[in-house]
Amino acid sequence: MSREPERLRQVLSSADGEPGLVSVREVADQLGVHPETIRRLIHDGRLDAVRVGRVLRVHREAVDRFLALQRVKPTRFQA
């Protein structure tokens, strides 16, 4: 008996039951940008994604890593 369907379910959902892979549109909605912006980030290599068939999917962890790299350190205000 193959364990592929079980493995696929593990990839597609995270430990908390939320999907592990999300669509480009869902990422764009979450970040408040246009889906084309997300596609551009993927094609530029700045956001990791996988292709499932003909569509791009993004791991939630990849979005978290991308956002962590985008953090801006506060600067000191000079009076």
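This chat goes through the sheet of a predicted model and the helices lying across it.

User: Ground rules first: what needs which pLDDT?
Analyst: The model is predicted; local features need pLDDT of at least 70, side-chain atom pairs count only at 80 or more, and totals for chains, interfaces and linings use all residues. Residues are numbered from 1 along each chain as its sequence is written, and side-chain values use heavy atoms, without hydrogens and water.

User: What's the strand order in the sheet?
Analyst: E1-E3-E2, an open sheet of 3 strands with antiparallel pairing. Strands are DSSP runs of E, at least two residues; helices are runs of H or I, at least four; both are numbered from the N terminus. Two strands pair if DSSP finds at least two bridges between them.

User: Which strands stand at the edges?
Analyst: E1 and E2. Each has a single partner strand, so one side of each lacks a neighbour in the sheet.

User: How many bridges join E1 to E3?
Analyst: 3, running antiparallel. Ser23 has Arg57 as its bridge partner in E3.

User: Which E3 residues are on the covered face?
Analyst: Leu56 and Val58; Val55, Arg57 and His59 are on the uncovered one.

User: Switching to helices: at what angle does H2 run to E1?
Analyst: About 80 degrees; H2 (residues 24–31) lies across E1 and E3. H4 (residues 60–70) also lies across E1 and E3, at about 65 degrees to E3. Axes are lines fitted to C-alpha atoms, for helices over the stretch in contact, with angles from 0 to 180 degrees between N-to-C directions. Contact means heavy atoms within 4.5 Å.

How values were computed: Buried < 20%, exposed > 50% of the residue type's maximum accessible area, 1.4 Å probe, protein only.
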